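Take a look at the model below. The text then walks through its parts, one site at a time.

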Amino acid sequence: MHELPVTQGILSIVLEAAEQAGSYPVQRIDLVIGTLSSIVDDSVQFYFDALSAGTLAQGAQLSFRRVLATLTCGACGYQAQVIAPLPDCCAACGSTEVLVEDGMEFYVEAIEVEEPNNACSNCEINPDEQ
Ligand SMILES: [Zn+2]
């Protein structure tokens with residue numbers, strides 16, 4: 001159930017960014033999730049839909065990008081991308097001197113807002129600048 005506070009955090013980041021961008025409705029949010037972070041996409045979407053009701057982010061589409069963890073062997077230098085449950089020794093030489101990096105990410109990568117089209121399509125002059 002740890003998706004709830006995580007989703008609240010995302011929403012506040014998104015709303016702040018949307019306000020800075022001119023308070024336009026948010027259309028799309030790109031999230032990066034490490035495979036080891038045990039965050040469930042569907043739960044995030046569920047909480048997001050509930051929390052974002054009535055805000056600029058209401059109805060925004062969430063997109064999830066999974067980041068794999070990388071295991072590096074300290075003994076032989078073997079590297080591999082791994083998922084949970086993590087191996088506790090090297091698949092190449094059997095050493096337990098393994099280091100796992102990445103895979104715990106969880107952040108907002110990009111936000112797309114719906115910007116009004118003020119530019120004149122014939123002359124490409126923005127009326128806001130006149
Ligand atoms: Zn090894």
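Asp41 is partly exposed, with a relative accessible area of 23%. In this predicted model, Asp41 forms a salt bridge with Arg66, and the closest N and O atoms are 2.5 Å apart. The pair links distant parts of the chain: Asp41 sits in helix α2 and Arg66 in strand β2, 25 residues apart. Arg66 is partly exposed too, at 37% relative accessible area.

The count of salt bridges comes to 3. One of them joins the side chains of Arg65 and Glu109, at 2.7 Å from N to O. Arg65 lies in strand β2 and Glu109 in strand β6, so this pair ties together parts that are 44 residues apart in sequence. Arg65 has 41% relative accessibility and counts as partly exposed. Glu109 also counts as partly exposed, at 41%. Another salt bridge brings together Arg28 and Asp30, at 3.1 Å from N to O. Here Arg28 is partly exposed at 29%. Asp30 has a relative accessible area of 16%, so Asp30 is buried, the cut-off being under 20%.

Back to helix α2, residues 41-51. Which of its residues are buried? They are Val44, Tyr47 and Phe48. These cover an arc of only 105 degrees around the axis, which puts them on the same side of α2. On the other side, Asp42, Phe46 and Ala50 are exposed. The cover over the buried residues of α2 includes α1 (3-20), β1 (26-34), β2 (61-67) and β6 (106-113).

Now the zinc ion. Its protein donors are the SG atoms of Cys73, Cys76, Cys90 and Cys93, lying 2.3 Å from the ion. Why is the arrangement tetrahedral? The 4 donor atoms subtend angles of 105 to 112 degrees around the zinc ion, which makes it so. Along the chain, the donors follow the spacing C-x2-C-x13-C-x2-C. Cys76 lies in the loop between β3 (69-73) and β4 (79-82), and Cys90 in the loop between β4 and β5 (98-101), so the pair ties together parts that are 14 residues apart in sequence. Cys76 is partly exposed, with a relative accessible area of 42%. Cys90, in contrast, counts as buried at 3%.

Last, the whole chain. The protein chain has 2 helices and 6 strands. In sequence order they read α-β-α-β-β-β-β-β. Of its 130 residues, 30% count as buried. Among contacts with a separation of 6 or more, 70% come from residues 24 or more positions apart. The accessible surface comes to about 8,000 Å², and carbon and sulfur atoms hold 50% of that.

Terms used. Residues numbered from 1 in each chain as written. Predicted model: local features only at pLDDT ≥ 70, side-chain atom pairs only at ≥ 80, totals over all residues. Heavy atoms only, no water. Donors = N, O, S within 2.8 Å, 3.2 Å for Na, K, Ca; no water. Tetrahedral: all angles 85-135°; square planar, octahedral: opposite > 155°, others 65-115°. Helix = DSSP H or I, 4+ residues; strand = E, 2+ residues; numbered from the N terminus. Buried < 20%, exposed > 50% of the residue type's maximum accessible area, 1.4 Å probe, protein only. Contact = heavy atoms within 4.5 Å. Areas by Shrake-Rupley, 256 points an atom, 1.4 Å probe, with all protein chains shown as cover. Arc of directions from axis to C-beta. Salt bridge = Lys/Arg side-chain N within 4 Å of Asp/Glu carboxyl O.
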